[in-house]
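Trainee: Before we begin, may I ask that we work through the packing of this model by question and answer? Please let each answer end on the value or name requested.

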Amino acid sequence: MNHYKEQAWKQYVDGRLSPDLLSEMELHLYQCDECLTIYMTCLELMETILPAMERDTQEYVDAIIARTTGTKRSWYHSTMLHYGIAAAATLILVATGFFHGISQELESASSFKPGSSLNTSSSLQTNKSISDQLLNKTLTWLDTLQNK
């Protein structure tokens with residue numbers, strides 16, 4: 001097995017090696033305990049050179065909270081705004097009589113029976129399912145809207 005020297009591990013810690021050599025040395029670390037020991041020693045020696053991490057986690061958390069509590073969501077991301085728009089649209093449609101007009105159109109479409117003028121016996125009529133009846137009424141209603 002090809003072992004790496006301490007100088008190579010120091011360069012590895014500094015990140016001064018090519019990406020290919022870095023990945024090769026990483027794979028070697030998984031397989032070689034001797035090189036892992038040298039690598040850990042280099043890390044400890046390089047600790048003074050590497051940037052210091054914040055030791056006090058409470059200060060770190062407080063700093064993050066202080067940065068994020070000052071931010072505010074945009075006004076157009078508010079859930080209450082979306083509910084307000086939906087409620088206003090509903091009130092406008094009710095006030096203009098839109099829903100009443102639709103209900104009257106549905107009533108007139110349901111009272112229209114295309115085959116009522118023909119004399120058909122009740123034995124020839126078949127029971128249609130509710131979904132078929134609703135589909136027929138909807139299509140009839142759409143036809144009446146299209147003809148206007």
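Trainee: In which hand does helix 1 pass helix 3?

Mentor: The model is a predicted one. In it, the axes of helix 1 (residues 6–14) and helix 3 cross at roughly 55° and come within 9 Å. That angle makes helix 1 oblique to helix 3. The crossing of helix 1 past helix 3 is right-handed.

Trainee: How do the residues of the contact of helix 1 with helix 3 divide by class?

Mentor: Helix 1 contributes E6, W9, K10, Y12 and V13, and helix 3 contributes C35, I38, Y39, C42, L43 and L45. Sorted by class, the residues of this contact are 2 charged, no polar and 9 nonpolar.

Trainee: Is W9 buried or exposed?

Mentor: Buried means under 20% relative accessible area. Y4, at 15% relative accessibility, counts as buried. W9 has a relative accessible area of 0%, so W9 is buried.

Trainee: Where is the place of M46, and which residues is M46 in contact with, leaving aside its neighbours within four places in sequence?

Mentor: M46 lies in the loop between helix 3 and helix 4 (57–69). At 7% relative accessibility, M46 counts as buried. Leaving aside neighbours within four places in sequence, the contacts of M46 are K10, V13 and D14.

Trainee: How are helix 2 and helix 3 oriented to each other?

Mentor: Two packed helices are described by the angle between their axes and the distance between the axes. For helix 2 (residues 19–31) and helix 3 (residues 33–45), the angle is about 115° and the axes are 6 Å apart. Angles of 65 to 115 degrees count as roughly perpendicular. Helix 2 and helix 3 are therefore roughly perpendicular.

Trainee: In which hand does helix 2 pass helix 3, and which residues of helix 3 does helix 2 meet?

Mentor: Helix 2 passes helix 3 in a left-handed crossing. By class, their contact has 1 charged, 2 polar and 4 nonpolar residues. From helix 2, the residues H28, L29 and Q31 take part, and in helix 3 they meet D33, C35, L36 and Y39.

Trainee: At what angle do helix 6 and helix 7 pack, and how are they oriented?

Mentor: The axes of helix 6 (residues 98–111) and helix 7 (residues 130–147) are 9 Å apart, and the helices pack at an angle of about 110°. That angle makes helix 6, relative to helix 7, roughly perpendicular.

Trainee: What is the hand of the crossing of helix 6 and helix 7, and how do the residues of the contact divide?

Mentor: The crossing of helix 6 and helix 7 is right-handed. On the helix 6 side the contact is made by E105, L106, A109 and S110, and on the helix 7 side by K137, T140, W141, T144 and L145. By class, the residues of the contact of helix 6 with helix 7 are 2 charged, 3 polar and 4 nonpolar.

Trainee: What separates the C-alpha atoms of T144 and E105?

Mentor: T144 has its place in helix 7. With a relative accessible area of 31%, T144 is partly exposed. T144 and E105 are 39 residues apart along the chain, and the separation of their C-alpha atoms is 8.6 Å.

Trainee: How many helices and strands does the protein have, and what percentage of its residues is buried?

Mentor: The protein has 7 helices and 0 strands, and its elements run α-α-α-α-α-α-α from the N terminus on. Among contacts with a separation of 6 or more, 61% are between residues 24 or more positions apart. Of the 148 residues in the protein, the buried share is 11%.

Key: Residues are numbered from 1 along each chain as its sequence is written. This is a predicted model: local features need pLDDT of at least 70, side-chain atom pairs count only at pLDDT 80 or more; totals for chains, interfaces and linings use all residues. Side-chain values use heavy atoms; hydrogens and water are left out. Buried means under 20% relative accessible area, exposed over 50%, partly exposed in between (1.4 Å probe, protein chains only). Axes are lines fitted to C-alpha atoms, for helices over the stretch in contact, and angles run from 0 to 180 degrees between N-to-C directions. Helices (H or I, at least four residues) and strands (E, at least two) are DSSP runs, numbered from the N terminus. Angles under 35 degrees count as roughly parallel, over 145 as roughly antiparallel, 65 to 115 as roughly perpendicular and the rest as oblique. A crossing is left-handed if the near helix is turned anticlockwise from the far one by less than a right angle, and right-handed if clockwise. Contact means heavy atoms within 4.5 Å. Ala, Val, Leu, Ile, Met, Phe, Trp, Tyr, Cys and Pro count as nonpolar, Asp, Glu, Lys and Arg as charged, and the others, Gly among them, as polar.
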